[in-house]
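Reader: I've got a model open on my screen and I'm a bit lost. Could you walk me through how to read it?

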Amino acid sequence: MKTFAQLYEALDATTSTNAKVEAMAAYFQVARPEDAVWALFFLTGRRLKRLLPNRSLDSWTVALTGLPHWLIGECYDAVGDFAETISLLVESGTAAPTPELPLAEWIVRLQSLPELDEAAQFQQVSRWWRELPRRELFLLNKLVTGELRVGVSDTLVVRALAQATGLPAASLSHRLMGSWEADGAFFRQLVSPDTTPDELSRPYPFCLASPLDRPLEALGAPEEWQVEWKWDGIRGQLLHRSQEIFLWSRGEELITPRFPEVVAAARGLPDGTVLDGEVLAYENDSPLPFSRLQRRIGRQKLTPQILAEAPVVFMAYDLLEEAGEDLRALRLSQRRARLQRLVEGGAPQLRLSPVVPPGPWAQLEPLRAGSRERNVEGFILKRLDSPYGTGRKKGDWWKWKVDPFSIDAVLVYAQPGSGRRASLFTDYTFAVWSGEELLPIAKAYSGLSDVEIAELDRWVRAHTRERFGPVRAVEPVQVFELHFEALARSSRHKSGIALRFPRISRWRTDKPAAEADTLANLELLLDRYGAADAP
């Protein structure tokens, strides 16, 4: 625990990627496998479920410090982190120090807390608070609240592991894909030079495209590129290994049971095949809106009605493994030729992603402009000689998405954010006009600069009309341009419309609230581009 707390502090104290890698590599070289695997668990963004409610921690802080609730709340607003607030307020290190325990044993202790009654929980936690030094107390509180976040990417963690073990980074990335148990046995397998049996079920790390940030002409000759549609589905890898089928999402979730028709189609593939592609709602040789796919995702039981309402295909656009051979180092043109031979003429639920016929760059813009009519998001541009890399390697794959939808909406509610933004009003609710009434249409919290957030926070405090707990209703005069990717009808929203991925584009200080958009305008967009229903 002490060593991991030192690592956490070292990572938090630097912005240098090399220093972060060095610190993690040094930790992995000395940590026991049982502890190293938990460090790996947290470093790769995984978290324990919340073990105790905040109300209990708040009450216990009051009991131990003698401070009133309101003052603790003010301290939290100033600090912006509940775990850190507690560690600063309680008198740590006042009791006899607890024996030095490994990180894995601390996790066992913490995971037993929900099994205790509240009095026993208080007795146990308050004793730890008094015994632990402040650095370890802070880490303990982050674990208890389920809010431990470490500012490192998976790529840096893999680099550190490779440096500590001498194993290839590509092998480590592959072994870390998918689900795994945080135990010493897994870590020993991870750093073993030998292939492990469970690697058969693991997908490869995904190759990602970067947003296009330059003119098409700057990419060079069009004939050096493969142009595909950017599908609006669930990115996934379809594996057929050792007579078993696995379908993994890009989020490293095993989604095989959700798509039985894709599994049935994959059984026709030769053993030792891995495809990269997209699960799409698809009917009559055309993709359906993503909201149709969501109907399938949100159901515990796949009834015949749901299967009929949201038919799916797997649209394959890359071949990563054939006959058990890793093909990722081959050129895209070679992988594509093999993929075409493998997929064409097979099951109708397994399709080859079509490419746009080669030609001058100028021909792409009018095609891209019609993306929404095709229920696609634009184009993916892939260099024909590119290997299948890990993560986002800028320059080989580009995504050229259609411009987002845009509306002007009025700010009506604001509430504090979380973490370092806990003392600022950063989460906003926006509305459009429905007759003489402003009707909430979307919530958004991203898109403003720190300077704009600070300015808007001051404005919210000065122009609050009502308070509902942490939420403030404000004077409806500030207009913001919102961008979003799609819209659909929704019975869960008062407006009857749900926006997909709404975010703030700019603060329209030049526009009065009376000129904001109307629900009628959104209805027109919905009639032309929207999905029939949202879950």
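This is a predicted model: local features need pLDDT of at least 70, side-chain atom pairs count only at pLDDT 80 or more; totals for chains, interfaces and linings use all residues.

Author: Let's begin with the largest nonpolar core, which has 63 residues. Met 24, Phe 28, Trp 38, Leu 40 and Leu 140 have the most contacts inside it. Helix H3 (residues 33-43) gives the most to this core, namely eight residues.

Reader: Which residues does Met 24 touch?

Author: Leaving out residues up to four places away in sequence, Met 24 touches Leu 7, Leu 11, Leu 43, Val 152, Leu 156, Val 157 and Ala 160.

Reader: How do I describe two packed helices?

Author: You give the angle between their axes and the distance between the axes. On the H2 side, the contact includes Met 24, Ala 25 and Phe 28; on the H10 side, Leu 156, Val 157 and Ala 160 are among the residues involved.

Reader: How many residues of that contact are nonpolar, polar or charged?

Author: Nine are nonpolar, four polar and three charged.

Reader: What about H11: which of its residues are buried?

Author: In helix H11 (residues 169-176), Leu 172, Ser 173, His 174, Arg 175 and Leu 176 are buried. These pack against H3, H10, helix H12 (184-190) and strand E4 (234-241). After H11 comes Gly 178, with a positive phi near 80°.

Notes:
Residues are numbered from 1 along each chain as its sequence is written. Side-chain values use heavy atoms; hydrogens and water are left out. Contact means heavy atoms within 4.5 Å. Helices (H or I, at least four residues) and strands (E, at least two) are DSSP runs, numbered from the N terminus. Ala, Val, Leu, Ile, Met, Phe, Trp, Tyr, Cys and Pro count as nonpolar, Asp, Glu, Lys and Arg as charged, and the others, Gly among them, as polar. A nonpolar core is a set of buried Ala, Val, Leu, Ile, Met, Phe, Trp, Tyr and Cys residues joined through side-chain atoms within 4.5 Å. Buried means under 20% relative accessible area, exposed over 50%, partly exposed in between (1.4 Å probe, protein chains only).
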